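Here is a short briefing on a structure with chains in contact. Please look at the sequence and the model first.

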Amino acid sequence: MEERIKEIMAAVFEVAISEIHDDTSSDDLEKWDSLHHMNLIAALEEEFQIELDEEEMLELINFKLIALTLKEKTA
Amino acid sequence: MPELIEARIEHFDDVYGLLRKLNDNITTKSRWKETFEDPFSTKEGNAGFILKDGNRVVGFFGGIYSKRLINGRFLRFCNTHSWVVEPEYSTKGLLLLNRFHKLDNFILTNFSASPGPYHIMKKLGWKEKSDASCIVMAHPLRRFLNKGSKAKNFYFNSDIVSLLNDQENEIYQSHKKFRLDFNVVINNIGHSFQVFKQVTYRPSAINRILPFGKVTFTLGRLYYVSSPEVFFNDRQYNIEVICKRQNWLGVILPTEYTERFGIKEFRPYMKKRPILYKAKDFDDKDLDLLFSEIFVLDLN
(Lines give C-alpha, C1' and ligand atoms only; values in the text may rest on other atoms or scores of the structure.)
Protein backbone atom coordinates (compact mmCIF):
# COMPACT_ATOMS: atom_id res chain seq x y z
CA MET A 1 0.00 0.00 0.00
CA GLU A 2 2.73 2.49 0.91
CA GLU A 3 4.43 2.08 -2.45
CA ARG A 4 1.12 2.71 -4.24
CA ILE A 5 0.54 5.86 -2.14
CA LYS A 6 3.96 7.12 -3.14
CA GLU A 7 3.18 6.45 -6.81
CA ILE A 8 -0.04 8.40 -6.54
CA MET A 9 1.64 11.29 -4.73
CA ALA A 10 4.38 11.38 -7.35
CA ALA A 11 1.80 11.46 -10.15
CA VAL A 12 -0.35 14.17 -8.52
CA PHE A 13 2.57 16.41 -7.58
CA GLU A 14 4.45 15.70 -10.79
CA VAL A 15 7.71 14.60 -9.19
CA ALA A 16 9.80 11.43 -9.41
CA ILE A 17 8.74 8.72 -7.01
CA SER A 18 12.23 8.87 -5.50
CA GLU A 19 11.32 12.33 -4.15
CA ILE A 20 8.52 10.90 -2.00
CA HIS A 21 9.91 9.67 1.32
CA ASP A 22 8.33 8.48 4.52
CA ASP A 23 8.74 11.96 6.00
CA THR A 24 7.57 13.94 2.96
CA SER A 25 5.07 16.65 3.89
CA SER A 26 3.22 19.49 2.18
CA ASP A 27 6.16 21.77 2.97
CA ASP A 28 8.54 19.70 0.85
CA LEU A 29 6.80 19.69 -2.51
CA GLU A 30 6.38 22.87 -4.48
CA LYS A 31 3.18 21.69 -6.17
CA TRP A 32 1.44 20.63 -2.95
CA ASP A 33 -1.03 23.49 -2.84
CA SER A 34 -4.73 23.44 -1.94
CA LEU A 35 -5.89 22.34 -5.38
CA HIS A 36 -3.31 19.56 -5.76
CA HIS A 37 -4.14 18.46 -2.24
CA MET A 38 -7.76 17.90 -3.24
CA ASN A 39 -6.61 16.12 -6.39
CA LEU A 40 -4.54 13.84 -4.17
CA ILE A 41 -7.57 13.15 -1.98
CA ALA A 42 -9.70 12.30 -5.02
CA ALA A 43 -6.99 9.98 -6.40
CA LEU A 44 -6.56 8.20 -3.06
CA GLU A 45 -10.32 7.75 -2.63
CA GLU A 46 -10.61 6.28 -6.09
CA GLU A 47 -7.59 4.02 -5.84
CA PHE A 48 -8.42 2.61 -2.42
CA GLN A 49 -12.22 2.72 -2.76
CA ILE A 50 -12.70 4.73 0.41
CA GLU A 51 -14.46 7.94 1.45
CA LEU A 52 -12.70 10.49 3.61
CA ASP A 53 -14.64 12.94 5.71
CA GLU A 54 -13.90 16.64 5.69
CA GLU A 55 -11.60 16.63 8.72
CA GLU A 56 -9.61 13.71 7.37
CA MET A 57 -9.24 15.41 4.00
CA LEU A 58 -7.74 18.48 5.59
CA GLU A 59 -5.46 16.58 7.96
CA LEU A 60 -3.63 14.48 5.38
CA ILE A 61 -0.68 16.79 4.96
CA ASN A 62 2.19 14.29 5.04
CA PHE A 63 2.96 10.80 3.85
CA LYS A 64 2.89 9.22 7.31
CA LEU A 65 -0.60 10.52 8.09
CA ILE A 66 -1.86 9.45 4.68
CA ALA A 67 -0.50 5.92 5.09
CA LEU A 68 -1.85 5.62 8.63
CA THR A 69 -5.30 6.87 7.72
CA LEU A 70 -5.58 4.64 4.66
CA LYS A 71 -4.51 1.60 6.65
CA GLU A 72 -7.28 2.29 9.16
CA LYS A 73 -9.83 2.91 6.44
CA THR A 74 -9.06 -0.21 4.48
CA ALA A 75 -8.60 -2.55 7.45
CA MET B 1 4.37 28.26 10.53
CA PRO B 2 1.88 31.06 9.76
CA GLU B 3 -0.86 31.77 12.28
CA LEU B 4 -4.53 31.99 11.43
CA ILE B 5 -6.33 35.02 12.87
CA GLU B 6 -9.49 37.04 12.32
CA ALA B 7 -9.21 39.79 9.71
CA ARG B 8 -9.92 43.16 11.28
CA ILE B 9 -9.85 46.72 10.07
CA GLU B 10 -6.27 47.22 11.30
CA HIS B 11 -5.15 44.52 8.85
CA PHE B 12 -6.83 46.17 5.90
CA ASP B 13 -3.80 47.87 4.34
CA ASP B 14 -1.79 44.66 4.41
CA VAL B 15 -4.68 42.62 2.99
CA TYR B 16 -5.29 45.24 0.32
CA GLY B 17 -1.68 44.89 -0.82
CA LEU B 18 -2.22 41.15 -1.14
CA LEU B 19 -5.50 41.61 -3.02
CA ARG B 20 -3.90 44.06 -5.44
CA LYS B 21 -1.09 41.64 -6.07
CA LEU B 22 -3.04 38.40 -6.32
CA ASN B 23 -6.71 39.17 -6.97
CA ASP B 24 -7.58 42.11 -9.21
CA ASN B 25 -6.64 45.68 -9.97
CA ILE B 26 -10.12 46.80 -10.98
CA THR B 27 -11.93 47.15 -7.67
CA THR B 28 -11.16 50.41 -5.89
CA LYS B 29 -9.51 50.53 -2.48
CA SER B 30 -12.58 52.15 -0.93
CA ARG B 31 -14.79 49.28 -2.11
CA TRP B 32 -12.40 46.70 -0.68
CA LYS B 33 -12.37 48.66 2.55
CA GLU B 34 -16.16 48.46 2.77
CA THR B 35 -15.87 44.69 3.09
CA PHE B 36 -13.92 45.35 6.32
CA GLU B 37 -16.49 47.77 7.69
CA ASP B 38 -19.30 45.38 8.57
CA PRO B 39 -21.42 46.35 5.54
CA PHE B 40 -24.56 44.67 6.90
CA SER B 41 -24.12 45.71 10.55
CA THR B 42 -23.93 42.27 12.16
CA LYS B 43 -21.14 43.06 14.65
CA GLU B 44 -19.53 39.67 14.00
CA GLY B 45 -16.22 41.44 14.50
CA ASN B 46 -14.22 40.21 11.54
CA ALA B 47 -14.05 40.48 7.76
CA GLY B 48 -12.86 36.94 7.26
CA PHE B 49 -9.56 35.36 8.18
CA ILE B 50 -5.92 35.95 7.45
CA LEU B 51 -2.73 33.94 7.53
CA LYS B 52 0.09 35.87 9.12
CA ASP B 53 3.75 34.90 9.18
CA GLY B 54 5.41 37.21 11.69
CA ASN B 55 4.23 40.66 10.71
CA ARG B 56 3.52 39.69 7.13
CA VAL B 57 0.00 38.88 5.88
CA VAL B 58 0.43 35.93 3.51
CA GLY B 59 -3.16 34.82 3.00
CA PHE B 60 -6.72 36.13 3.19
CA PHE B 61 -10.20 34.75 2.74
CA GLY B 62 -12.93 37.37 3.08
CA GLY B 63 -16.27 36.92 4.82
CA ILE B 64 -19.27 39.25 4.62
CA TYR B 65 -21.75 38.46 7.36
CA SER B 66 -25.47 39.06 7.43
CA LYS B 67 -28.43 38.11 9.54
CA ARG B 68 -31.63 37.72 7.56
CA LEU B 69 -35.28 37.18 8.15
CA ILE B 70 -36.41 34.52 5.68
CA ASN B 71 -39.88 32.99 5.86
CA GLY B 72 -40.19 34.03 9.50
CA ARG B 73 -36.80 32.56 10.55
CA PHE B 74 -33.67 34.51 11.41
CA LEU B 75 -30.74 32.97 9.54
CA ARG B 76 -27.05 33.87 9.70
CA PHE B 77 -25.09 34.01 6.47
CA CYS B 78 -21.43 34.38 5.66
CA ASN B 79 -20.61 35.23 2.06
CA THR B 80 -17.02 34.13 1.48
CA HIS B 81 -14.97 35.87 -1.20
CA SER B 82 -11.48 36.73 -2.40
CA TRP B 83 -9.40 33.70 -1.36
CA VAL B 84 -5.77 34.72 -1.90
CA VAL B 85 -2.58 33.12 -0.61
CA GLU B 86 1.06 33.93 -1.38
CA PRO B 87 2.35 31.11 -3.61
CA GLU B 88 5.00 29.99 -1.12
CA TYR B 89 2.25 29.47 1.48
CA SER B 90 -0.23 27.80 -0.85
CA THR B 91 -0.22 24.57 1.15
CA LYS B 92 -1.76 26.51 4.03
CA GLY B 93 -4.62 27.93 1.98
CA LEU B 94 -7.00 25.22 3.11
CA LEU B 95 -6.64 26.39 6.70
CA LEU B 96 -8.54 29.54 5.72
CA LEU B 97 -11.41 27.62 4.18
CA ASN B 98 -11.49 25.20 7.09
CA ARG B 99 -11.83 28.12 9.51
CA PHE B 100 -15.08 29.12 7.82
CA HIS B 101 -16.29 25.53 8.07
CA LYS B 102 -15.92 25.79 11.83
CA LEU B 103 -18.39 28.68 12.09
CA ASP B 104 -21.44 27.40 13.92
CA ASN B 105 -24.94 27.86 12.55
CA PHE B 106 -23.94 29.89 9.51
CA ILE B 107 -25.02 29.39 5.94
CA LEU B 108 -21.80 29.79 3.96
CA THR B 109 -22.01 31.12 0.40
CA ASN B 110 -19.55 31.84 -2.37
CA PHE B 111 -20.47 33.42 -5.68
CA SER B 112 -17.09 33.99 -7.29
CA ALA B 113 -15.03 30.81 -7.08
CA SER B 114 -12.53 30.39 -9.89
CA PRO B 115 -12.04 26.81 -11.16
CA GLY B 116 -9.47 25.81 -8.52
CA PRO B 117 -11.42 26.92 -5.43
CA TYR B 118 -14.65 25.68 -7.05
CA HIS B 119 -13.19 22.18 -7.32
CA ILE B 120 -11.92 22.30 -3.72
CA MET B 121 -15.21 23.54 -2.29
CA LYS B 122 -17.30 20.99 -4.15
CA LYS B 123 -15.01 18.26 -2.87
CA LEU B 124 -15.49 19.57 0.67
CA GLY B 125 -19.24 19.29 0.52
CA TRP B 126 -20.38 22.66 -0.85
CA LYS B 127 -23.54 22.41 -2.94
CA GLU B 128 -24.29 24.30 -6.11
CA LYS B 129 -27.43 26.13 -7.21
CA SER B 130 -27.99 26.84 -10.87
CA ASP B 131 -27.33 30.37 -12.10
CA ALA B 132 -29.09 29.82 -15.43
CA SER B 133 -30.48 33.16 -16.59
CA CYS B 134 -32.01 34.64 -19.69
CA ILE B 135 -32.55 38.04 -21.24
CA VAL B 136 -36.03 39.42 -21.84
CA MET B 137 -35.77 42.41 -24.13
CA ALA B 138 -38.03 45.42 -23.76
CA HIS B 139 -40.27 46.38 -26.70
CA PRO B 140 -40.83 50.14 -26.89
CA LEU B 141 -43.98 49.69 -29.04
CA ARG B 142 -45.75 47.63 -26.38
CA ARG B 143 -44.88 50.23 -23.82
CA PHE B 144 -46.44 52.90 -26.01
CA LEU B 145 -49.65 50.88 -26.41
CA ASN B 146 -49.90 50.41 -22.66
CA LYS B 147 -49.13 54.02 -21.82
CA GLY B 148 -51.03 55.33 -18.84
CA SER B 149 -53.05 52.19 -18.18
CA LYS B 150 -51.22 50.84 -15.16
CA ALA B 151 -48.36 53.17 -14.32
CA LYS B 152 -50.01 54.37 -11.12
CA ASN B 153 -49.29 50.94 -9.64
CA PHE B 154 -45.52 51.41 -9.74
CA TYR B 155 -43.43 52.78 -6.90
CA PHE B 156 -39.70 53.35 -6.99
CA ASN B 157 -36.81 53.64 -4.53
CA SER B 158 -37.56 55.81 -1.48
CA ASP B 159 -41.29 55.92 -2.32
CA ILE B 160 -41.63 52.21 -1.58
CA VAL B 161 -40.74 52.16 2.13
CA SER B 162 -44.27 52.31 3.52
CA LEU B 163 -45.34 49.45 1.23
CA LEU B 164 -42.77 46.90 2.37
CA ASN B 165 -43.22 44.06 4.81
CA ASP B 166 -40.50 43.27 7.39
CA GLN B 167 -38.51 40.93 5.17
CA GLU B 168 -38.60 43.31 2.21
CA ASN B 169 -37.80 46.33 4.34
CA GLU B 170 -34.74 44.59 5.78
CA ILE B 171 -33.46 44.00 2.25
CA TYR B 172 -34.19 47.57 1.21
CA GLN B 173 -32.58 49.19 4.25
CA SER B 174 -29.49 46.97 3.95
CA HIS B 175 -28.99 47.59 0.24
CA LYS B 176 -30.15 51.16 -0.39
CA LYS B 177 -26.56 52.44 -0.08
CA PHE B 178 -25.52 50.38 -3.10
CA ARG B 179 -26.12 51.18 -6.77
CA LEU B 180 -29.39 49.30 -7.14
CA ASP B 181 -32.94 49.97 -8.24
CA PHE B 182 -35.85 49.07 -6.00
CA ASN B 183 -39.42 48.82 -7.24
CA VAL B 184 -42.80 47.83 -5.92
CA VAL B 185 -45.56 46.73 -8.27
CA ILE B 186 -49.14 46.48 -7.01
CA ASN B 187 -51.98 44.77 -8.84
CA ASN B 188 -55.21 43.00 -7.90
CA ILE B 189 -53.30 39.91 -6.67
CA GLY B 190 -51.01 41.72 -4.23
CA HIS B 191 -47.71 43.54 -4.20
CA SER B 192 -44.23 42.55 -5.34
CA PHE B 193 -40.88 44.06 -4.37
CA GLN B 194 -37.94 43.78 -6.73
CA VAL B 195 -34.24 44.56 -6.58
CA PHE B 196 -32.47 45.21 -9.88
CA LYS B 197 -28.84 45.99 -10.62
CA GLN B 198 -27.73 47.65 -13.81
CA VAL B 199 -25.23 45.57 -15.75
CA THR B 200 -23.42 45.98 -19.04
CA TYR B 201 -23.69 43.19 -21.55
CA ARG B 202 -21.54 42.59 -24.60
CA PRO B 203 -23.38 40.22 -26.96
CA SER B 204 -20.60 38.04 -28.33
CA ALA B 205 -22.65 36.82 -31.31
CA ILE B 206 -23.06 40.40 -32.57
CA ASN B 207 -19.58 41.53 -31.67
CA ARG B 208 -18.04 38.58 -33.52
CA ILE B 209 -19.40 39.79 -36.87
CA LEU B 210 -18.75 43.51 -36.41
CA PRO B 211 -15.75 44.68 -38.44
CA PHE B 212 -14.83 47.30 -35.86
CA GLY B 213 -15.94 48.48 -32.43
CA LYS B 214 -17.92 46.55 -29.88
CA VAL B 215 -21.59 46.78 -28.95
CA THR B 216 -22.52 47.09 -25.28
CA PHE B 217 -26.08 46.89 -23.98
CA THR B 218 -27.31 48.14 -20.64
CA LEU B 219 -29.64 45.74 -18.90
CA GLY B 220 -31.17 45.36 -15.46
CA ARG B 221 -30.47 42.13 -13.62
CA LEU B 222 -33.18 40.92 -11.26
CA TYR B 223 -31.58 39.89 -7.96
CA TYR B 224 -34.67 39.61 -5.83
CA VAL B 225 -38.41 39.47 -6.33
CA SER B 226 -40.98 38.89 -3.63
CA SER B 227 -44.31 37.39 -4.66
CA PRO B 228 -43.12 36.60 -8.17
CA GLU B 229 -46.65 35.62 -9.19
CA VAL B 230 -47.61 39.29 -8.76
CA PHE B 231 -44.69 40.70 -10.75
CA PHE B 232 -44.93 38.18 -13.56
CA ASN B 233 -48.70 38.49 -13.88
CA ASP B 234 -48.25 41.63 -16.02
CA ARG B 235 -44.68 40.81 -16.80
CA GLN B 236 -44.26 42.35 -20.23
CA TYR B 237 -45.83 45.61 -19.14
CA ASN B 238 -43.89 45.67 -15.87
CA ILE B 239 -40.62 45.02 -17.66
CA GLU B 240 -41.40 47.76 -20.19
CA VAL B 241 -42.07 50.34 -17.47
CA ILE B 242 -38.93 49.48 -15.52
CA CYS B 243 -36.75 49.46 -18.64
CA LYS B 244 -38.12 52.78 -19.82
CA ARG B 245 -37.49 54.41 -16.47
CA GLN B 246 -33.93 53.12 -16.27
CA ASN B 247 -33.07 53.29 -19.97
CA TRP B 248 -32.41 49.57 -20.09
CA LEU B 249 -32.79 47.51 -23.23
CA GLY B 250 -34.10 44.57 -21.26
CA VAL B 251 -33.78 42.57 -18.07
CA ILE B 252 -31.89 39.46 -17.02
CA LEU B 253 -34.06 36.95 -15.18
CA PRO B 254 -33.34 33.58 -13.57
CA THR B 255 -34.70 30.90 -15.89
CA GLU B 256 -36.69 29.42 -13.02
CA TYR B 257 -39.18 32.25 -13.68
CA THR B 258 -39.32 31.75 -17.44
CA GLU B 259 -40.14 28.11 -16.83
CA ARG B 260 -42.58 28.75 -13.99
CA PHE B 261 -44.51 31.53 -15.73
CA GLY B 262 -44.30 30.26 -19.28
CA ILE B 263 -42.22 33.14 -20.62
CA LYS B 264 -41.22 32.22 -24.15
CA GLU B 265 -39.81 35.44 -25.60
CA PHE B 266 -36.28 35.33 -24.19
CA ARG B 267 -32.72 34.75 -25.28
CA PRO B 268 -30.05 32.93 -23.29
CA TYR B 269 -27.66 34.83 -21.06
CA MET B 270 -24.37 33.00 -21.23
CA LYS B 271 -22.45 34.62 -18.38
CA LYS B 272 -22.82 32.49 -15.29
CA ARG B 273 -21.35 32.62 -11.83
CA PRO B 274 -20.93 29.60 -9.57
CA ILE B 275 -23.50 29.79 -6.76
CA LEU B 276 -22.03 27.64 -4.00
CA TYR B 277 -23.32 27.17 -0.47
CA LYS B 278 -22.70 24.99 2.54
CA ALA B 279 -25.39 24.68 5.15
CA LYS B 280 -27.37 22.31 7.25
CA ASP B 281 -31.15 22.38 7.12
CA PHE B 282 -31.46 24.96 4.35
CA ASP B 283 -33.47 24.80 1.14
CA ASP B 284 -31.69 26.38 -1.81
CA LYS B 285 -34.95 27.87 -3.09
CA ASP B 286 -34.41 30.46 -0.32
CA LEU B 287 -30.88 31.21 -1.52
CA ASP B 288 -30.35 34.48 -3.36
CA LEU B 289 -27.30 36.61 -4.09
CA LEU B 290 -28.19 39.55 -1.83
CA PHE B 291 -26.01 40.58 1.15
CA SER B 292 -22.88 39.63 -0.79
CA GLU B 293 -19.69 40.89 -2.38
CA ILE B 294 -21.65 41.42 -5.63
CA PHE B 295 -23.08 44.60 -4.10
CA VAL B 296 -20.34 45.62 -1.68
CA LEU B 297 -17.69 45.36 -4.39
CA ASP B 298 -20.14 46.47 -7.12
CA LEU B 299 -19.41 43.50 -9.39
CA ASN B 300 -21.05 43.37 -12.82
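Which residue of S14(B) is the bridge partner of B:Lys127? It is B:Tyr277.

This is a predicted model: local features need pLDDT of at least 70, side-chain atom pairs count only at pLDDT 80 or more, and totals for chains, interfaces and linings use all residues. Residues are numbered from 1 along each chain as its sequence is written, and chains are lettered from A and ligands numbered from 1 in the order in which they are written.

**Sheet of chain B**
- An open, mixed sheet has 7 strands in the order S1-S2-S3-S4-S5-S14-S6. Strands are DSSP E runs of at least two residues, helices H or I runs of at least four, both numbered from the N terminus.
- Strands S1 (3-6) and S6 (127-129) are the edges, each pairing on one side only; pairing takes at least two DSSP bridges.
- S6(B) and S14 (residues 275-278) run antiparallel, joined by 3 bridges.

**Helices of chain A**
- The axes of H1 (residues 2-13) and H4 (residues 63-74) of chain A come within 10 Å and cross at roughly 130°. Axes are lines fitted to C-alpha atoms, for helices over the stretch in contact, with angles from 0 to 180 degrees between N-to-C directions.
- H1(A) supplies A:Glu2, A:Ile5 and A:Met9 to the contact, and H4(A) supplies A:Phe63, A:Ile66, A:Ala67 and A:Leu70.

**Between the chains**
- Chain B has 12 residues in contact with 13 of chain A; contact means C-beta atoms, placed from the backbone, within 7 Å.
- H3 (93-101) and H4 (115-123) of chain B each supply at least two residues of the side touching chain A.

Notes:
Contact = placed C-beta atoms within 7 Å.
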